[in-house]
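Good morning, and thank you for coming. I would ask you to keep the sequence and the structure in view while I speak.

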Amino acid sequence: MRLLLGVSGGIAAYKALELVRLATGAGHSVRVIETASAKRFVGSASFAALSGAPVLTSEFERDPLRGSFPGEPLPEHDPASHLALVAAADAFLVAPASANTIAKLAGGLADNLVTSAALAARCPVLVAPAMNTRMLEHPATQANLALLRERGITIIDPGVGRLATHGEHGAGRLAEPAELLAACEAALQTGPWSGRRVLVTAGGTHEPIDAVRYIANRSSGRMGFAIAQAAAARGAEVTVIAANVALPRDRHASYVDVTTAAELAAACDERAPQADVIVMCAAVADFRPAAPRSSKLAREGNAAITLELESTDDILARLARGRRPDQVLVGFAAEHGEGGLARARAKLERKQVDLIAYNDVAQEGIGFDAQDNALTLISANGEQQIPRAPKAQIARELLDAIERLRGESG
Ligand code: PMT
């Protein structure tokens, strides 16, 4: 999970440090944004050390990580928007949330980075109040919290106990860090992707010529792995069929390694019937050597050789023929240059899939072995552009589009 943590002013800010430690220890990526008054309680250096990423306080500050989360590659583009971080987050937690910040959230104010992020968030938003009992019990604060709840924000109720003010005891203590983390994890398990079985193919196949040589393509597997990671972050049960991918793996997904198009086809045939959503992102060979040699072809005595290629099975088309009616099938189209969009549109028809994600791989900086991508999504309901962005963001937008498609088809 990419967790964006917004820290507002309050003595309980020290507990947010422990939350960052717990969350990163559990394998989540955390970025922290602070209000100016939060900095008076806990300085940015502590959050930066624990999260492994710079902390932002102002909307006018340039993010050295360009809106990405720890462990992700630095996007080539520097997003101008101060909202890039919240756009990339899977969950946004405001903890501690002061009475003042809660009032601003209820009023829709956007006068600092934390409140602006809350207003722009499309991911689940959670608010963990922490304040003096009298402030918490004030009708204004209670009305603000009720309004936030009504709008779908998860309020993590404060506990009862000793408060920061000397000798005071009552409600208003920030929930414990483990509870905050559990609430964020749970928020992602209740969405529409929760428990959905997603099958993603990634990488590029290798087709042997002889014992040591093969025909390959330039797919790195980044796009497919980003889709898998985004789906897992939303609570889906993800299986990735990875063709020759040497990238870090998401511990919330399971992986099946394959080498050739035939192996990828067999792995898909076995797992597709159980999948609710299938995304065929792998670059699968269309042709393979008809008679690969079992030993190494020798240079001696072979001034020139001719390789006979035979076509491989069209896996996507086969999956479409055998699909369950409730299954969503997404294909990619890697087209090169002029006429690509028309060819991609034709693939939607020919392959009988629900969605084709077309990338023009002739464009500089996107597609094969690049950090970024840009897609045109083509479905029977129309077309949608996803402009150039890091593959993690493209993946999230693709999942949003799949979700809309499921909604439209009933
Ligand atoms: O891995 P990266 O470096 O991140 O690069 C990402 C990508 C460029 C590989 C990815 O965005 C992409 O475009 N993947 C599809 C590549 C491809 O093979 O496209 P295609 O137009 O040749 O194939 C169309 C569709 O049919 C694809 O969904 C493909 O998986 C599928 N196919 C192709 C051949 C085959 N024999 N069987 C198939 O099912």
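Which side chain meets that of D400 in a salt bridge? The partner is R122, with a distance of 3.9 Å from N to O. Please bear in mind that this is a predicted model, and that the distances and areas I quote are computed from it.

Let me place that pair in its setting. The domain assignment divides the protein chain into domain 1, residues 2-187, and domain 2, residues 191-409. Taken over C-alpha atoms, the centres of these domains are 37 Å apart. Where they touch, 13 residues of domain 1 are in contact with twelve residues of domain 2.

How much area do the two domains bury between them? An interface is often described by the accessible area lost when its parts come together. For domain 1 and domain 2 the figure is about 1100 Å², of which 41% lies on carbon and sulfur atoms. The salt bridge count between the two domains is one, and the rule also finds one residue pair in polar contact across the interface, with both residues at pLDDT 80 or more. On the side of domain 1 that touches domain 2, the residues comprise six nonpolar, two polar and five charged.

I turn now to the ligand. It is surrounded by 29 residues, and the closest are S219, S220, K347, N359 and D369. Which distances separate polar protein atoms from ligand oxygen atoms? For N359, a polar side-chain atom lies 2.6 Å from an oxygen atom of the ligand. For G221, a polar backbone atom is 2.8 Å from a ligand oxygen. For K351, an N or O atom of the side chain is 3.0 Å from an oxygen atom of the ligand. On its own, the ligand has 770 Å² of accessible area, and the protein covers 96% of that.

Note on methods
Residues numbered from 1 in each chain as written. Predicted model: local features only at pLDDT ≥ 70, side-chain atom pairs only at ≥ 80, totals over all residues. Heavy atoms only, no water. Domains from an automatic or database assignment. Contact = heavy atoms within 4.5 Å. Buried area = accessible area lost by both parts, 1.4 Å probe. Salt bridge = Lys/Arg side-chain N within 4 Å of Asp/Glu carboxyl O. Polar contact = N/O pair within 3.5 Å; in protein donor to acceptor, adjacent residues only side chain to side chain. Nonpolar A, V, L, I, M, F, W, Y, C, P; charged D, E, K, R; others polar. Near = heavy atom within 4 Å. Areas by Shrake-Rupley, 256 points an atom, 1.4 Å probe, with all protein chains shown as cover.
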